[in-house]
Amino acid sequence: MSLSTAAERETIPEPRIGRSWHVVLPPLCYLAVAVAMIAYTQQVPLDGIERGSLNLPFVLRRTWEHVLLVFFSTVLVLAVALPLGIVLTRPGLRRVTPYALALANLGQAIPAVGMVVLLAVLFRIGFWTAVAALFAYSLLPTLRNTMVGLEQVDPRLVDAGRGIGMSAAGVLAKVELPMAVPVILSGVRTTLVLNVGTAGIAAFIGAGGLGDLITAGVSTQRNLVLVTGCVLIAVLALIVDWLGGLAQRLLSPKGLS
Amino acid sequence: MAEPSTHGVPIELRKVTKAFPGGRAPAVRELDLTIAAGEIVVLVGPSGCGKTTTMRMINRLIEPTSGDILIDGRSSRDIDPDLLRRHIGYVIQQAGLFPHMTVASNIAQVPKLLGWDRRRIAERVDELLTLVGLEPATFRDAFPRRLSGGQQQRVGVARALAADPPVLLMDEPFGALDPISRQRLQDELLRLQDDLSKTIVFVTHDIDEALKLGDHIAIMQRPGHIVQYARPAEILTNPADEYVEQFLGAGSSMRLLSLTKVGDIELDQVPYAAEDADARDVLATVERDGRGYALILDGMRRPQRWVTTAHLKGREGPVGMVGDEVSGVIGRRKTLQDALEELLNADTDVVPVTGRHQAYEGALSLATVQNAIQSIKARERERRMVRLGREEGG
């Protein structure tokens, strides 16, 4: 059979995404905003209370705590939501699915502050209680997207995989999960951004983070402290979202779009 | 080919039943089917007749409720389903290619499962792409999304053939293609099958596809049983019952024309002579024959020219270059339908029929084809009478 030139034209190489330099432009802008904000607070004259909340080591420590809160809660979400999402989409367990989703929904339906305080009352004040609260609050997006991502895989592909002799686990690893990666990662991205925002509330139960600046700013009526906390959280959220987007583009299998 | 290909093996279904939980009637009921090695068997019927279920029980994508399926004499129950499937090619509608893998990677899946080394797999991929008519250099690293439907289906066939299985299962593989691509892929499947002689179980709801591809056709009816299992020609001339007749629809005689090969009917014989024959002898033969013309063959018995009495009168010595050149010939492997087309377009009323090495075998005219149609019809009528008589007698 003669090959049409159209077919040859259609097999041009996939565009290389995420390689060009302007991809790193947004995070550089975000960082510039954060640096400008911190530089400003170091320049202007501050009173004693402000100085206590805005000195550089204090701000950096709170930022690091914030990152850790987000990191541990997200890792926990991944460790639970991915296996759970996989198990809940296996044919035998479809009946349990609505209940599991209802439970995850409940976590998100309870107001975040209430959740944090409730857990602090039930357990104790501190970092890990905050991580647990963040986990409960941000489990749903990743869990639901894992399930949706796996369920929307064309059943004919699963059939083809089994039909050529792949085991059930083989089809999951080689066909279903790769095909679901874009959807799962967009859920993870939502979880991450949710966590950055909600982690601000951890300050209420003494878990630290940039929320400290906000609560301190509010309680001492120092607007500069309050605004600094807000700006840094926003910048962190934007950077994390950008990282999530980058991961989504780099990890999604080629040949899909 | 790097290694000789595995030929087909026989498959036997014995009283196979499949009842789905919750279904009132079984989807397949006590089905017996014997498939000879190296044959294409087409399961055809309306949707819900159990044809796909039957096919999927062969590679145990669906487990039979009862009964036994023997592949090359071995019960499929005794083989691990995943291992079984690695030795049965599987082609589905719209190819079912994995969109996130390149063409090469799609084809390589089964060899990888079987633990072939990388070089052997790469060689096999290129060999298969060439076999299904795709240029390896162009298509190897392409993603399925960038291929046309027909090209995807070719890759699907290549993937099924990757580990050289003796059996292929094809579930409406060409169903979603446009008519031209479908016809071309059907032709190529037949061409491939000439070389490979796999045992192929082919599911379709298109009776024309079934008649074209099948060595045997199993016409199925709801719920899950076979009404008739026979060769295409027999199904056309001798449908088992009204259901089969209805399923065949109108135009059985025309379809029979497209099933019957030129070589299968009685050909005309016209007087012929070699190029070096004496013109006077040829003239004598032509006059004895009474039709007024003869065919001149070359040294390889290939038809060259038509000579008439007018050409030959008064000539002496070898006939040589006299006469009108033969404008077209019909190969004996052509269908009667194609032959009819050739005849209607030919310059002469009679067209020579050639066999191996384009050697003369006989001739065809419209009258010959008409006789063939009539004898087919007569045979059909006779069989119907016999059947009616049998039914009245019973």
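**From domains to residues**

In this predicted model, the end C-alpha atoms of residues 11-248 of chain B lie 26 Å apart, and the span is 39% helix and 24% strand. These residues, 11-248 of chain B, carry the UniProt annotation "domain: ABC transporter", which comes from an unreviewed entry.

The domain assignment divides chain B into domain 1, residues 11-249, and domain 2, residues 251-393. Taken over C-alpha atoms, the centres of domain 1 of chain B and domain 2 of chain B are separated by 39 Å. Where the two domains touch, eight residues of domain 1 of chain B and nine residues of domain 2 of chain B take part in the contact. On the side of domain 1 of chain B that touches domain 2 of chain B, helix 9 (residues 232-237) of chain B supplies the largest share, four residues. By class, that side of domain 1 of chain B consists of five nonpolar and three polar residues, with no charged ones.

Within chain B, helix 3 (residues 103-113) is mostly covered, since nine of its eleven residues are buried. Among the buried residues of helix 3 of chain B are Val103(B), Ile107(B), Val110(B) and Leu113(B), as well as Asn106(B) and Gln109(B). What do the buried residues of helix 3 of chain B pack against? Their partners are helix 2 (81-86), helix 4 (118-131), helix 5 (136-139) and helix 6 (149-161) of chain B. Just after helix 3 of chain B comes Gly115(B), which takes a positive phi of about 80 degrees.

Strand 12 of chain B is mostly covered, with four of its five residues buried. Strand 12 of chain B pairs with strand 11 (residues 272-274) of chain B in the parallel sense, over three bridges. In this pairing Ala273(B) stands opposite Ile296(B) of strand 12 of chain B. To pass from strand 11 of chain B to strand 12 of chain B, the chain goes through helix 12 (residues 279-289) of chain B, and this β-α-β crossover is right-handed.

Strand 12 of chain B is also joined to strand 13 (residues 303-308) of chain B by five bridges, and these two strands run antiparallel. Here Leu297(B) stands opposite Pro303(B) of strand 13 of chain B. The hairpin of strand 12 of chain B and strand 13 of chain B has five residues between the strands, and in this hairpin Arg301(B) takes a positive phi near 65 degrees.

Further along chain B, Glu325(B) lies in strand 14 (residues 324-325) of chain B. Is Glu325(B) buried or exposed? Glu325(B) counts as exposed because it has 11 C-beta neighbours inside 10 Å, and the limit for an exposed residue is 12 or fewer. Although Glu325(B) and Leu295(B) are 30 residues apart along the chain, their C-alpha atoms are separated by 9.8 Å.

The final step is the meeting of the two chains. Here 23 residues of chain A are in contact with 24 residues of chain B. Helix 1 (5-10), helix 8 (155-163) and helix 9 (168-198) of chain A each give two or more residues to the side of chain A that touches chain B. Helix 8 of chain A gives the most to this side, with six residues. By class, the side of chain A that touches chain B has twelve nonpolar, five polar and six charged residues.

Technical notes:
Residues numbered from 1 in each chain as written. Chains lettered and ligands numbered in written order. Predicted model: local features only at pLDDT ≥ 70, side-chain atom pairs only at ≥ 80, totals over all residues. Domains from an automatic or database assignment. Contact = placed C-beta atoms within 7 Å. Nonpolar A, V, L, I, M, F, W, Y, C, P; charged D, E, K, R; others polar. UniProt positions renumbered as here; feature names shortened; annotations may be inferred. Buried ≥ 20, exposed ≤ 12 C-beta atoms within 10 Å, placed from the backbone. Pairing = 2+ DSSP bridges. Right-handed = clockwise from strand over helix to strand, strands pointing away.
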